[in-house]
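Keep the 3D view open as you read.

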Amino acid sequence: MSLLAVKDLHANVGEEDGQEILKGLNLQIQAGEVHAIMGPNGSGKSTLANVLSGRPGYTVTRGTLSLANEDLSHLEPHERAQAGLFLAFQYPVEIPGVSNMEFLKASTDSLAKAHNAEQPDAAGFIRQVRTLAESLDLDPQFLKRGVNEGFSGGEKKRNEILQLLLLNPKMAILDETDSGLDIDALKVVAEGVNRYRSADNGVLLITHYQRLLDYIVPDVVHVLADGQIIQSGDKNLALELEAKGYTWLT
Amino acid sequence: MSQPSVDDLVAARREYSAGFVTDVEADTLPPGLNEDVIRFISARKDEPEWLTEWRLQAYRQWQEMSEPDWPHLHYPKVNFQDISYYSAPKSQTDGPRSLEEVDPELLRTYEKLGIPLHEQAALAGVVPDPEQPSSNVAVDVVFDSVSIATTFKQKLADAGVIFCPISEAVKSHPDLVKKYLGSVVPQKDNFYAGLNSAVFSDGSFVYIPKGVRCPMELSTYFRINERNTGQFERTLIIADAGSHVSYLEGCTAPMRDENQLHAAVVELVALEDAEIKYSTVQNWYPGDENGRGGIYNFVTKRGLCAGARAKISWTQVETGSAITWKYPSVVLRGDDSVGEFYSVALTNNRQQADTGTKMIHMGKNTRSTIVAKGISAGRSDSSYRGLVRVSPTAANARNFTQCDSLLIGDLCGAHTFPYIENKNNTAIIEHEASTSKVSDDQLFACQQRGIDTEKAVSMIVNGFCKEVFRELPMEFAVEAGKLLEVSLEGAVG
Amino acid sequence: MADLEVLEPLNLPDWLNNTVLAEDAVENYQRALAGPARRELWKYTPARKIIELRQLPATQPVLSGHEQTGVTVTENPSRLDLADLVNIQRAPEAFAQLCKQPLLHIAVTADLAQPLNLHYQGNSWPVIIDVAPDVSMTLTEECEQDHDQQQTLWLRLGANSAVTHARNSFGATALHWQFVSVQVHASGHYRLHNHALASTLRRQDTQIQLVGSGAHAELTSAVMVAERLNLDQQITIEHINPHTTSRQRVHNIVADRGKSTFNGRIHIHEGAKNSDAQLSNKNLGLGANATINTKPELEIYNDDVSCAHGATIGQLDDNQLFYLCSRGVAPAVARRLLCEGFLQQCVDGPLADAAGPALVAPLQDMEMT
């Protein structure tokens, strides 16, 4: 059984009659694997991330998608999260007034409830979050501030990784997590992702640049063009793309 | 040699180029207002009984009303008995004529104002290009209380478009007039609308039939000439389903020491899928630098988007009149209807303006946009007063309002009074306002690059008004820019 | 506005006689009652019930923190010169209170380590607080809930003084009128934290005059209007002298059939060059029949100023909602969290701990679809 199984996925932006962006996408990720999806702008990379996470504004017209054999297509975004799906946003939103701590607590409590697990005790939870923050080079003071409020681009991305490590999902989709990061920030982010990786979970990296893949080494690299995966290979495919560009394939 | 600072320039004089008087013999009523005066006006225009009664009813209701005291305006009380309510050039007393029959002195007036009345000409001196249909503009010319000519009537009639003075429409299309007159601005709506309904002189009537895109721009040009008279124009524009019309209104008046009253009513009705674009470049005499003379401009303008997907846009550049009180509004009754208001209001010397708009959202998915730019200079005072009202039935209403004030000098005032009344929680309303000045730093930066101060201020002000000028039909955009420059001459400070 | 009837005639009290304020007092009062400005102030709120509150018997507020050195409390002073503090034109109803009720005068002449707290038992004597120059202190106000009541407070901040003022107004069933008039002298610093729940009708009139050069005022207001309740905030800030600054942030949440009225007027006088005034009013409507009226006003008579205001009416941000849901939080919970966050942005100051929970309590029972 694949951890994440996407079969013949067709999706439009907007309603049924909207423009089709995904035109029959197939993807199977096994537990323990890291897959990378690369592609030129407009190929549908962000649409894929949005459709998998259930973001409103898209319509799936055909195909299936499941996580650990659970059909995701009729699940609301929070239910998909409860099922074990995590999306690290390309542009994490700011929520002034709702503190980072409050946000993380609400999230972990919801997931614990959904899994019939015990809510973590407050003190232990705070300790855990602080430790994670420090490991990702985030000043724990940020926990009192609004979600992502006043954060630089790099800090926002690291906050996404903090959430990844805290919530420990089955499947992590990282949507252009490397965009806007300098080398040092990139290393911190990569280190966090690699810490998360295990034989039981999976990672889907959506990226524009090969550079990230030097730090998070993928098992499989796919090329997305015009709404479909047109080529798959090992990590060397990424290097070839870097050297030759996308037109070489399309 | 030092460059004049912003303060130095406030001393220079401003010239109002339209300030001359036309020497024609006129038929003018003595001052005073009573039922006889109203009957006289109605008889002069040879109106049917129902309209005379309509006027009288308005007059009786008006007598029970009182002048609004809430505007941010200070002026000596108007003595309504001290105004003459009718004046027409003697040569035109038999009604509007074709151009050949118009008194040449009157024609010269309009030529001086840059409004050539040939059938090929455009408004405001833009050189007409026979290849360009849009450079043909049909003009209805109103001089004091009467319309003296309407151009292009035949060409418009071929398209089914009715464009004629309202005095004529009352006789030629009584059913249309009866149906729509007072339907958007009722007689009791406000004090000045009540007065206008009783004594309205002339104005334009426009009817665009179903599905017709009016082949040319229509315009009315108002000229006050005779002293001690009031001008009470009444305009009614009806755009039937799927039709489209762009209408321009221009106005000027002579320079006089006494104030003259202009209380107009404009009603627009846009049916399903119709669009009306109404543009005004108002250049009434603003009074001299001591605030003597100038027009009192009390206007009620309202558009009704009666059908689904109807659209009404008001675009105005107001630089004249001593006192301005006007709120061109749109009632968004039809679902998916759209209302727009783009305005530049310039006040200088001792002018005062309390102007703005009302957008009333009633249907579903209605949208309104308000962009109001106020420029105050001299000792003037300019207020934006707006209302955005969303009724409980108006699901998914959207409004965006931007009001910006530019102050030139520290003796003027700029104010914003935006009323937002929302009763439906699916609405999204955004209002922003800001105030700025033309700073000595900005001027110096321009001067350092070789631009003289007056040109620099003109550039800055033009930039400030860009968003609004963009909405004006081409003919008016040119005039508006020039008007702003002239109006700011010497006021820059 | 039929119910804006003229109030009963004034009887000038002893302490007022022979002061500058007494000159033309009656005339100014009558004129203020009849003018268009007063009609504007009561445009959205039925005035009669609120004005009738004045008839209720009044008591002194219960004070705490007044034993500190530097605080002098005088009941019913025989003579008071309030000419520069009280402007009859702006506040005729509050002036009528001054004439009718006994007064409490508090002078603060030294820094206070503890807050001075006014706990109103119901309808209250007018309170006048004089803060001496260079003094810094905290003032807190609370009221007994569920009593019909009104309070008028006059604050005079001496040059270079600093006052942090917090006010919690809870209780859903009362008629409540709260009037505050603050005068800030040169380089004075005034901060108001207003936390309020709507009630049957709660009316808050706040007038701040920045009379000295360099004076500064800051106001944050978090208001929760639960179902069928009503809150009307009328705030005026006047910049009278140069280099004065003001900042206002007002967030209102209005539930179904609730009504919120906000008027935020900024008046920059002719002499107030180099002033800077900013106002942000955000309104969140929940439930189909919420009524939200907002009028941020600017009245500006000087060009060398920086003024901006913004007012929005809208719903919760979709992106923020999705962010929370994507982390497993159910939509109804996410909405409640975002509403609470919206209010929290304007909860601050010494009474914040009590305010937070009280303000968000009505959200717990609301259906957040």
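Two strands pair if DSSP finds at least two bridges between them; the strands themselves are DSSP runs of E with at least two residues, numbered from the N terminus. Please bear in mind that this is a predicted model, in which local features need pLDDT of at least 70, side-chain atom pairs count only at pLDDT 80 or more, and totals for chains, interfaces and linings use all residues. Residues are numbered from 1 along each chain as its sequence is written, while chains are lettered from A and ligands numbered from 1 in the order in which they are written.

Start at β8 of chain B, residues 234-239, where 6 of 6 residues are buried (20 or more other C-beta atoms within 10 Å of the residue's own, with C-beta atoms placed from the backbone). B:R234, B:L236 and B:I238 point one way, and B:T235, B:I237 and B:A239 the other. In a regular strand the side chains alternate between the two faces of the sheet.

What does β8(B) pair with? Strand β6(B), residues 204-208, runs parallel to β8(B) over 4 bridges, and B:Y207 has B:I238 as its bridge partner. Strand β10(B), residues 259-270, is also parallel to β8(B), joined by 6 bridges; here B:A239 is partnered with B:A270.

Now move to the side of chain B that touches chain C. There, 30 residues of chain B are in contact with 31 of chain C (C-beta atoms, placed from the backbone, within 7 Å). β21(B) gives the most to this side of chain B, with 10 residues. Strand β21(B) is also joined by 6 bridges to β17 of chain C, residues 291-300, in the antiparallel sense, and B:I420 stands opposite C:T294 in β17(C).

Conventions
A residue is buried if 20 or more other C-beta atoms lie within 10 Å of its own, exposed if 12 or fewer, and partly exposed in between; C-beta atoms are placed from the backbone. Two residues are in contact if their C-beta atoms, placed from the backbone, lie within 7 Å.
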